[in-house]
Amino acid sequence: MNSLELRGISAAYDRIDVLFDIDLVVPEGNVVALLGPNGAGKSTLLRVAAGLHGPASGDVLVAGRRVNGVPPEELARRGMCLIPEGRGIFPNLTVRENLRMMTFTGTKLSDVEERSFIRFPRLKERIGQTAGTLSGGEQQMLAMARGLATDPALLLLDELSMGLAPIIVEELYEIVAQVAREGVSILVVEQFASTVLGVADYAAILVQGRIVRAGQPHELAEDLSKAYLGA
Ligand SMILES: Nc1ncnc2c1ncn2[C@@H]1O[C@H](COP(=O)(O)OP(=O)(O)OP(=O)(O)O)[C@@H](O)[C@H]1O
Ligand SMILES: [Mg+2]
């Protein structure tokens, strides 16, 4: 079963086309990496998948069912979780308050906290700290903890590594791999390849709104440099 399938997706902002006939599948429990340079359309693709931006054409399928036009809140209830670029946490609230907001789904705060702190012990030490004063890596951990608090079946991650030191990125991707082993399907978008390819089952390169190459991560290493050099 595919957790997510995009079939012939095109998307535009007003009359400016940004995605062209995209086909992409995320099989259950897999990590799929979508790589591409600035402005390629990666965030747009995630927004289309999450129901935040309607496609101009094509179909979005979640767990085998067409979901075009289904509102994002409903997709979230069905197990989809988007962690947006810039992380989507509340910088003026504490770690605990950020986590507490996730109890809207009906999960108890103590359960949300327990689940978060097992995965991210560092957040426990920082429970009373204002989120905006956390380090970049800790902020990303908080964003992931919030997303995982809802027990998603499909996680969409937009540039997990943005602004973070390589060692922190590696640490976060180890957690991504662990989450996938627990059965969560993950579509992750990155500008730069390195670390994500180590945990991905499948990867695709998006350039100017088109998938120019797709395959096993190890098959793509060479194509990546071409994509970025504009060849
Ligand atoms: N709300 C918007 N209105 C108009 N154009 C937009 C909007 N959002 C994005 N675009 C344009 O769509 C194209 C794709 O943008 P998108 O944010 O999807 O790229 P991206 O691959 O995520 O880039 P980055 O790696 O810089 O985050 C860009 O040319 C961008 O300027
Ligand atoms: Mg983006």
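How many residues has helix H6 (residues 136-149), and how far does H6 reach from its first C-alpha to its last? The legends below cover this helix, a ligand site and a group of strands.

This is a predicted model, in which local features need pLDDT of at least 70, side-chain atom pairs count only at pLDDT 80 or more, and totals for chains, interfaces and linings use all residues. Residues are numbered from 1 along each chain as its sequence is written, and chains are lettered from A and ligands numbered from 1 in the order in which they are written.

**View 1. Helix H6 and its cover.** H6 has 14 residues and reaches 20 Å, close to the 20 Å expected at 1.5 Å a residue (1.5 Å times one less than the number of residues). Helices (H or I, at least four residues) and strands (E, at least two) are DSSP runs, numbered from the N terminus. Eleven of the 14 residues are buried (20 or more other C-beta atoms within 10 Å of the residue's own, C-beta atoms being placed from the backbone). Among them are Met141, Leu142 and Arg146. Aspartate 151, which follows H6, has a positive phi near 60 degrees.

**View 2. Shell of ligand 1.** The residues around ligand 1 (C-beta atom, placed from the backbone, within 6 Å) include Tyr13, Asn38, Lys42, Glu85 and Gln191. Helix H1 (residues 42-49) gives the largest share, three residues.

View 3. S1 (residues 2-13) and S2 (residues 16-27) pair in the antiparallel sense over eight bridges (pairing needs at least two DSSP bridges). Alanine 12 has aspartate 17 of S2 as its bridge partner. S1 also runs antiparallel to S4 (residues 57-62), joined by five bridges.

Definitions and conventions. Buried ≥ 20, exposed ≤ 12 C-beta atoms within 10 Å, placed from the backbone.
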